[in-house]
Amino acid sequence: MRITLDGVSVRFGTRTVLDALDVELTEQRIGIIGSNGSGKSTFARLLNGLVLPDEGTVLVGGHDTAKDVRRIRRQVGFVFQNPDNQIVLPLVEEDMAFGLRNTGVPRKEIPGRVREQLAHLGIAALADRPSHALSGGEKQLVALAAVLVMRPETVVFDEPTTLLDLRNRNLIRDTVAALPQQAVVLTHDLDLLTGFDRVLVLDRGRVAHDGPPRTAVPWYVERCS
Ligand SMILES: Nc1ncnc2c1ncn2[C@@H]1O[C@H](COP(=O)(O)OP(=O)(O)O)[C@@H](O)[C@H]1O
Ligand SMILES: [Mg+2]
């Protein structure tokens with residue numbers, strides 16, 4: 001999917017958090033890195049209309065996020081940093097069915113879609129588990145499954161591995177690597193970016209570097225750590 005930011009600024013009060021960005025995203029694997037407060041989450045939220053620009057436009061597949069937010073929410077899935085903010089219903093399969101019901105998928109198709117998606121991520125056994133009793137890694141996978149079951153064209157991840165131990169972090173890394181969809185991944189976990197097509201470094205609301213991981217990661221490590 002082609003996502004175009006054209007002259008995009010975002011302000012909170014008098015603070016400019018993203019400053020006149022012109023960016024076109026078309027690659028399959030895009031990383032976004034930068035210090036805390038550099039604007040990564042705000043950038044990510046622009047991509048599916050969770051945040052709208054104060055200036056400029058964001059086009060997703062040619063549609064303006066300020067005008068076509070329902071369509072864009074379906075095309076661009078968003079996996080939050082903390083899956084507790086995303087998983088709302090007591091049982092895993094109920095939680096995953098929730099979004100499908102709201103988009104008019106015929107009721108009798110829903111359990112099949114849910115189970116197929118869980119199986120695809122290798123977590124079929126979690127279907128009838130209570131959401132609150134999942135481990136951190138399981139929760140993150142369920143949150144991802146709940147996004148993927150909606151069949152988005154693009155998935156945005158806001159620091160998906162921050163709360164995870166090494167084993168679960170590797171599981172998420174491998175799962176992201178294998179996704180057929182376009183993925184935009186915000187992370188402080190620089191190893192996650194191996195094999196990515198493109199990495200943007202944000203610094204105080206601007207794109208300070210834009211290139212493949214082999215240039216962007218050393219650039220960031222040298223200047224921003
Ligand atoms: N809803 C909001 N209201 C006010 N300030 C915000 C809001 N969201 C983010 N900010 C501020 O915008 C700046 C960038 O935040 P954010 O995009 O979350 O950066 P990052 O994800 O890189 O840490 C921070 O200074 C943050 O405090
Ligand atoms: Mg953030």
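User: What makes helix α7 lie across β3, β9 and β10?
Analyst: Contact, meaning heavy atoms within 4.5 Å. Helix α7 (residues 213-224) lies across β3 (29-33), β9 (198-203) and β10, and runs at about 135 degrees to β10. Angles run from 0 to 180 degrees between N-to-C directions, with axes fitted to C-alpha atoms, for helices over the stretch in contact. This is a predicted model: local features need pLDDT of at least 70, side-chain atom pairs count only at pLDDT 80 or more, and totals for chains, interfaces and linings use all residues. Residues are numbered from 1 along each chain as its sequence is written.

User: Why are α5 and α6 called roughly parallel?
Analyst: Their axes cross at roughly 20 degrees and come within 9 Å. Angles under 35 degrees count as roughly parallel, over 145 as roughly antiparallel, 65 to 115 as roughly perpendicular and the rest as oblique. Therefore α5 and α6 are roughly parallel to each other.

User: Which residues of α5 and α6 meet?
Analyst: Gly137, Gln140, Leu141 and Leu144 in α5 meet Asn168, Leu171, Ile172 and Thr175 in α6.

User: What makes β1 and β2 a pair?
Analyst: Two strands pair if DSSP finds at least two bridges between them. Strand β1 (residues 3-12) and β2 have 7 bridges, in the antiparallel sense. Arg11 stands opposite Thr16 in β2.

User: Why do β6 and β10 stand at the edges?
Analyst: The open sheet has the order β6-β7-β8-β3-β9-β10, with mixed pairing. β6 (76-79) and β10 (206-211) each have a single partner strand, so one side of each is left without a neighbour in the sheet.

How values were computed: Chains are lettered from A and ligands numbered from 1 in the order in which they are written. Side-chain values use heavy atoms; hydrogens and water are left out. Helices (H or I, at least four residues) and strands (E, at least two) are DSSP runs, numbered from the N terminus.
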